[in-house]
Amino acid sequence: MTIKLCAEIFDPWQELADFQGQAAGMAGKYGATGIFVGTMRDFNQGDEVRGMHLEHYPGMTEKQLQRIVEQAQGQWQLLDVLLIHRIGQVSPNDTLVLVAVWSAHRGDAFDASRFIMENLKSQAPFWKRETLESGQIRWVKKNSNGYLKQP
Amino acid sequence: MSIKVLYFASLKDRVGRSGDELNIEAPLSVLEVWQRVNPNMNIPDTLLAAVNMEYVGLEAEVNDGDDVAFFPPVTGG
């Protein structure tokens, strides 16, 4: 498991390539990689957004993320997990979050990556403060449930 | 005996401080901690609380040396 909070712009695809390249023990073992990449939009709730600040609670954020990943590892057969989340000042088109899980089969990869992402959204202490094109600054009030339809 | 209180995000703006130090004579509940440091502000309905970086309910006990954090719903990801 690797969990990183990143104060600078990061390239999720390069991070994935680097991580997978260094994980020699996984070679030949994984048949599925579940990946979620979250990117900052330039609009939210009908307004144009110019930038955003991501606040977090140092220590607790890492602790909660680790717990979420451990819960996923307890429920699904996972070979490894990579989780990177931005903090600080971000701009539209910046990657906000990367969740990647490697497993032998797709069921574990799909379900575990979804579980990690949804639990991160509802439990990990991060807060977004948006700066709109108008100059107005506002806190995002809450995250919506990502499960739009039950299979 | 003292405890450290922390506020985050919009709640920090609302109370106007990032934290408080509170001297206590005996263990308090999380709700009592809020009432002691913010006597003129009702506890917000959506407020979340943590003691020593673990989520807790408002009835949880706070002891000497604990860190208590109050914050609004989380919005990461």
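Helices and strands here are DSSP runs, numbered from the N terminus: a helix is H or I with at least four residues, a strand is E with at least two. Two strands pair if DSSP finds at least two bridges between them. Within this pairing, A:Thr39 stands opposite A:Thr95 in β7(A).

The structure is a predicted model, in which local features need pLDDT of at least 70, side-chain atom pairs count only at pLDDT 80 or more, and totals for chains, interfaces and linings use all residues. Residues are numbered from 1 along each chain as its sequence is written, while chains are lettered from A and ligands numbered from 1 in the order in which they are written. The model scores ipTM 0.96 and pTM 0.96. For chain B the mean pLDDT, the predictor's confidence in each residue from 0 to 100, is 97, and 100% of the residues of chain B reach 70 or more.

What else does β7(A) pair with? Strand β5(A) also pairs with β7(A), in the antiparallel sense and over six bridges. A:Ile84 stands opposite A:Leu98 in β7(A). On β5(A) there is a further pairing, with strand β1 (residues 2-6) of chain A, this time in the parallel sense over five bridges. There A:Ile3 stands opposite A:Leu83 in β5(A).

Put together, these pairings give an open sheet of four strands in the order β1-β5-β7-β2 (chain A), with mixed pairing. Strand β5 (residues 80-86) of chain A is mostly covered, with six of its seven residues buried. A residue is buried if 20 or more other C-beta atoms, placed from the backbone, lie within 10 Å of its own; it is exposed if 12 or fewer do, and partly exposed in between. In a regular strand the side chains alternate between the two faces of the sheet.

Helix α1 (residues 12-22) of chain A lies across β1, β2, β5 and β7 of chain A and runs at about 30 degrees to β7(A). Helix α3(A) packs on the sheet and touches β2, β5 and β7 of chain A, its direction making about 25 degrees with that of β2(A). Axes are lines fitted to C-alpha atoms, for helices over the stretch in contact, and angles run from 0 to 180 degrees between N-to-C directions.

Chain A as a whole has three helices and nine strands. Its radius of gyration, taken over C-alpha atoms, is 16 Å, close to the 15 Å that the globule rule (2.2 Å times the number of residues to the power 0.38) gives for 151 residues, so chain A is as compact as a globular protein of that length. Of these 151 residues, 30% count as buried.

How many residues of chain A are in contact with chain B? There are 24, in contact with 13 residues of chain B, where contact means that the C-beta atoms, placed from the backbone, lie within 7 Å. The largest share, five residues, comes from α3(A).

Note on methods: Two residues are in contact if their C-beta atoms, placed from the backbone, lie within 7 Å.
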